[in-house]
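Open your viewer and get ready to click through this model stop by stop. At each stop you will find something to select and a short note on what is there.

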Number of protein chains: 2
Amino acid sequence: MRDIHSPSEQNYIQQLSIDCVILGYQDSQLSVLVPKLNFRGDFWALPSGFIYQNEGIDQAARRILEGRTGIKDIYLEQFRVFGDAPRSNIRFLERLIELNKDTLGDKQFDRKEFDWITRRFVSIGYYALVDINKVVPRKTELDESIDWYPVRDLPPMIMDHHEMVKCALETLQLNLDQKLIAFNLLPETFTMREVQELYESIFDRAFARNNFQKKILDLNVLERLEKKFTGAANKAPFLYRFRNEGMQAG
Amino acid sequence: MRDIHSPSEQNYIQQLSIDCVILGYQDSQLSVLVPKLNFRGDFWALPSGFIYQNEGIDQAARRILEGRTGIKDIYLEQFRVFGDAPRSNIRFLERLIELNKDTLGDKQFDRKEFDWITRRFVSIGYYALVDINKVVPRKTELDESIDWYPVRDLPPMIMDHHEMVKCALETLQLNLDQKLIAFNLLPETFTMREVQELYESIFDRAFARNNFQKKILDLNVLERLEKKFTGAANKAPFLYRFRNEGMQAG
DNA sequence: CACTATTGTCTATCTTTAAGACAATAAATT
DNA sequence: AATTTATTGTCTTAAAGATAGACAATAGTG
């Protein structure tokens, strides 16, 4: 992505950024997608970017997410603005430059760029929830790697990115039942146990099996299909499918 | 307020603003505080302002609110960011200038100012809930007047300010029980009926008297005082006081 | 002293949530 | 083929919360 290299020369709104907390689900585990920057010093930072003059913030969030991770067409929503007075990249960037002095001479950080990027920034937090199996994150040349980290065992991230994840997760929990986005994380057909494991990952607590089944079925969004014979020595569970008539895709 | 006159020369973050939806309560009626601009053409606009480089957004919201309305020390919280691509003052300002051509020659709008203020703006919405009786809005010289308008009968406002009020009200309703800020709207001592009328204003619907009383008392935040003899020909209601031990003031 | 309007509270009913119990059953084991 | 094991679907019961109806207890009025 060209726009990452010289933000000061792009037609961006200044001092306003977007940070994305991409929560992913796989194997009963909730993770966060965190790129690791392609510099010495172990810098992890949430996928972030800036807003073009002629695009809306939601649109910008989607573009940034796709540009930085390759992920697109997913549910994505703002959850909070982070705008404390001293909020800036400067400490992080100075440390990065200090640790990469030798290799950085021919790279981007000229004075103008540095000043632009290290100003105080207000950032709009967006969060998403995706099925890790259905998504192929691809790193940009800016990153050394881009990996999923367990949400309760994150690497050290720059700035206030830990607080952002915490806040995003709280918002997700608050809205999960209403928005039904959780069902997008399941395969086409699935068992009730899989739904429960998904919920338990997101809320990080156990649910009673009997009552959970009732609650989910009472939502009236699932249709029951045939049974699923796994070969296990026990009663075969029913398969279900999400009835998404009148739901938005993605 | 000097800072209102030449925003382009102030040390503000560009293209980022704050809009305040000040909900006020009085006489069982919920209102919104809306200044009317001191220009020909009947322009109503929510109290808005910009963010200094060295202040946090919450701090900015409080300063803006006080500067534009005189109101301070109240609960104030962000509820949403408004950032569609075409979001700009320009249509409103052009109309304002058109209608005020003759008197505007000696006033502020030089080219630089106009360009600064009519760019695309992203705005962070903050809302507050206050007791109209305890608050004295004072207009600035920028305004012709500043008045309370019934929340379901607002004057035509500029830009997306109607949507902002709608969104703020929904957020308030969602959080009312948890935050207990509603009790700040009542006098020092009050009757249960007053609490109920307050709730009914905010939710725009009736509550059953018996169950409402139980629900509120079950919150365990009120202490019962003596009775209140109004002179009416009926049983005198008890007075209550809000026990705000461990609550934040304001 | 009846009468009116309003308040405080009780009860009955219904709904939701939580926890316990158990039959049904798919396959492995005997 | 009967027994065993792990898991599933659902029922029952209990507890908690919400909703609605009823009524006695006033503070004044006529």
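For the class counts on this tour, Ala, Val, Leu, Ile, Met, Phe, Trp, Tyr, Cys and Pro are nonpolar, Asp, Glu, Lys and Arg are charged, and the others, Gly among them, are polar. This is a predicted model, in which local features need pLDDT of at least 70 and side-chain atom pairs count only at pLDDT 80 or more, while totals for chains, interfaces and linings use all residues. Residues are numbered from 1 along each chain as its sequence is written, and chains are lettered from A and ligands numbered from 1 in the order in which they are written.

**Stop 1: colour chain A by confidence**

Chain A has a mean pLDDT of 89, and 94% of its residues reach 70 or more. Helices (H or I, at least four residues) and strands (E, at least two) are DSSP runs, numbered from the N terminus. A contact here means that the C-beta atoms of two residues, placed from the backbone, lie within 7 Å. Where pLDDT is low, the predicted coordinates should not be read in detail.

**Stop 2: the two domains of chain A**

Next, colour residues 2–178 of chain A as domain 1 and residues 181–242 as domain 2. These bounds come from an automatic or database domain assignment. The C-alpha centres of the two domains lie 33 Å apart. Where they touch, domain 1 of chain A supplies eleven residues and domain 2 of chain A supplies ten. On the domain 1 side, strand 2 (29–37), strand 5 (122–131) and helix 5 (161–179) of chain A each bring at least two residues. Helix 5 of chain A gives the most, with three residues. By class, this side of domain 1 has six nonpolar, three polar and two charged residues.

**Stop 3: where chain A meets chain B**

Show both protein chains: 18 residues of chain A and 18 residues of chain B take part in their contact. On the chain A side, select strand 1 (12–26), helix 1 (57–69), strand 4 (76–82) and strand 5, which give two or more residues each. Which element of chain A gives the most to this side? Strand 1 of chain A does, with four residues. The chain A side divides into seven nonpolar, eight polar and three charged residues.

**Stop 4: a pair of helices**

Two packed helices are described by the angle between their axes and the distance between the axes. Select helix 6 and helix 7 of chain A, which pack at an angle of about 100° with their axes 10 Å apart. That makes helix 6 of chain A roughly perpendicular to helix 7 of chain A. Axes are lines fitted to C-alpha atoms, for helices over the stretch in contact, and angles run from 0 to 180 degrees between N-to-C directions; under 35 degrees counts as roughly parallel, over 145 as roughly antiparallel, 65 to 115 as roughly perpendicular and the rest as oblique. To see the contact, show A:Met192, A:Val195 and A:Gln196 in helix 6, which meet A:Arg209, A:Phe212, A:Gln213 and A:Ile216 in helix 7.

**Stop 5: the DNA**

Finally, show DNA strand D and the 20 residues around it, the closest being A:Asn210, A:Asn234, A:Lys235, B:Lys235 and B:Ala236. Near means that a residue's C-beta atom, placed from the backbone, lies within 6 Å of the strand. Helix 7 of chain B has the largest share of this surface, three residues. The surface near DNA strand D has eight nonpolar, seven polar and five charged residues. Then switch to DNA strand C, surrounded by 19 residues, the closest being A:Lys235, A:Ala236, B:Asn210, B:Asn234 and B:Lys235.

How values were computed:
pLDDT is the predictor's confidence in each residue, from 0 to 100.
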